[in-house]
Amino acid sequence: MNSSAIDQARPTAEQPLADLGVDRTSIGALVREFYSRLRKNDRLGPIFAREITGDWEPHLEKMTDFWCSVILKTGDYHGRPVPAHLKLKDVTEADFDIWLGIFGETATALFVSETAAVFVDRAERIAKSLKLAMFFHAGPVPVVRDR
């Protein structure tokens, strides 16, 4: 395979969102509003309350770093989301739908529709990845024996 064919097959890197209304301040507002709504949810609120006791500000700043990295490609986030979520034993796959619903409503309330759609698309991909990490169990691999 020649190098141009390899370059064509290689997925293009996701680009930072080039929207003048999206910066650390607006992403921080999204994060804070989202978690305010999430904490009021009957199902997800108690889960987060058990995990984050006391001062929420460090978590909100970490999530602002995360979303700045996702949306603006800042590289500010240096955490490991999969291990953090794997320890949440009472989270179900259905909880991700609730999370996505609240996130989508929040993004739509704060940003123009095209920008909100970018946030929602990235959130859906993140949720899918986390669900695969948390809930996918292939089961035993069948043993094939020569006859």
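Predicted model: local features only at pLDDT ≥ 70, side-chain atom pairs only at ≥ 80, totals over all residues.
Visitor: Okay, how many helices and strands are in the protein chain?
Guide: Seven helices and zero strands. Helices here are DSSP runs of H or I with at least four residues, strands are E runs of at least two, and both are numbered from the N terminus. Along the sequence that reads α-α-α-α-α-α-α.

Visitor: And what share of the residues is buried?
Guide: Of the 147 residues in the chain, 32% are buried. Buried means under 20% relative accessible area, exposed means over 50%, and partly exposed is in between, with a 1.4 Å probe and protein chains only.

Visitor: What's the accessible surface?
Guide: About 9,700 Å², with 56% of that belonging to carbon and sulfur atoms. The areas come from the Shrake-Rupley method with a 1.4 Å probe, and for residues only the protein chains shown count as cover.

Visitor: Let's do contacts. What fraction comes from residues 24 or more positions apart?
Guide: Counting contacts with a separation of 6 or more, 79% are between residues 24 or more positions apart. Contact means heavy atoms within 4.5 Å.

Visitor: Helix pairs next. At what angle do α6 and α7 pack?
Guide: About 165°, with the axes of α6 and α7 10 Å apart. The axes are lines fitted to C-alpha atoms, for helices over the stretch in contact, and angles run from 0 to 180 degrees between N-to-C directions. So α6 is roughly antiparallel to α7. The cut-offs are under 35 degrees for roughly parallel, over 145 for roughly antiparallel, 65 to 115 for roughly perpendicular, and oblique for the rest.

Visitor: Which residues make that contact?
Guide: On the α6 side they include Phe96, Trp99, Leu100 and Phe103, and on the α7 side Phe119, Val120, Leu130 and Met134 are among them. By class, the contact of α6 with α7 has 13 nonpolar, two polar and four charged residues. Ala, Val, Leu, Ile, Met, Phe, Trp, Tyr, Cys and Pro count as nonpolar, Asp, Glu, Lys and Arg as charged, and the others, Gly among them, as polar.

Visitor: What about α2 and α6, how far apart are their axes?
Guide: 9 Å, and the two helices pack at an angle of about 135°. That makes α2 oblique to α6. Residues in the contact include Leu30, Phe34 and Leu38 of α2, plus Trp99, Ile102 and Phe103 of α6.

Visitor: Then α2 and α4, what's the angle there?
Guide: About 125°, with the axes of α2 and α4 9 Å apart. These two are therefore oblique to each other. By class, their contact has nine nonpolar, three polar and five charged residues.

Visitor: Zoom in on valine 31. Buried or exposed?
Guide: Valine 31 is buried, at a relative accessible area of 4%. It's found in α2. Not counting residues up to four places away in sequence, valine 31 touches Leu60, Met63, Thr64 and Trp67.

Visitor: And glutamate 61, which residues does it touch?
Guide: Arg24 and Arg32, again without residues up to four places away in sequence. Glutamate 61 sits in α4 and counts as partly exposed at 32% relative accessibility. Its C-alpha atom is separated by 7.6 Å from that of glycine 28, 33 residues apart along the chain.

Visitor: Switching to aspartate 95, where is it found?
Guide: In helix α6, which covers residues 93-110. Aspartate 95 is buried, with a relative accessible area of 4%. Leaving aside neighbours within four places in sequence, aspartate 95 is in contact with Arg43, Leu44, Ile47 and Asp90.

Visitor: Last one. What's the phi of lysine 73?
Guide: It's positive, about 60°, although lysine 73 is not a glycine. Lysine 73 lies in the loop between α4 and α5, and is partly exposed, with a relative accessible area of 33%.

Note on methods
Residues numbered from 1 in each chain as written. Heavy atoms only, no water.
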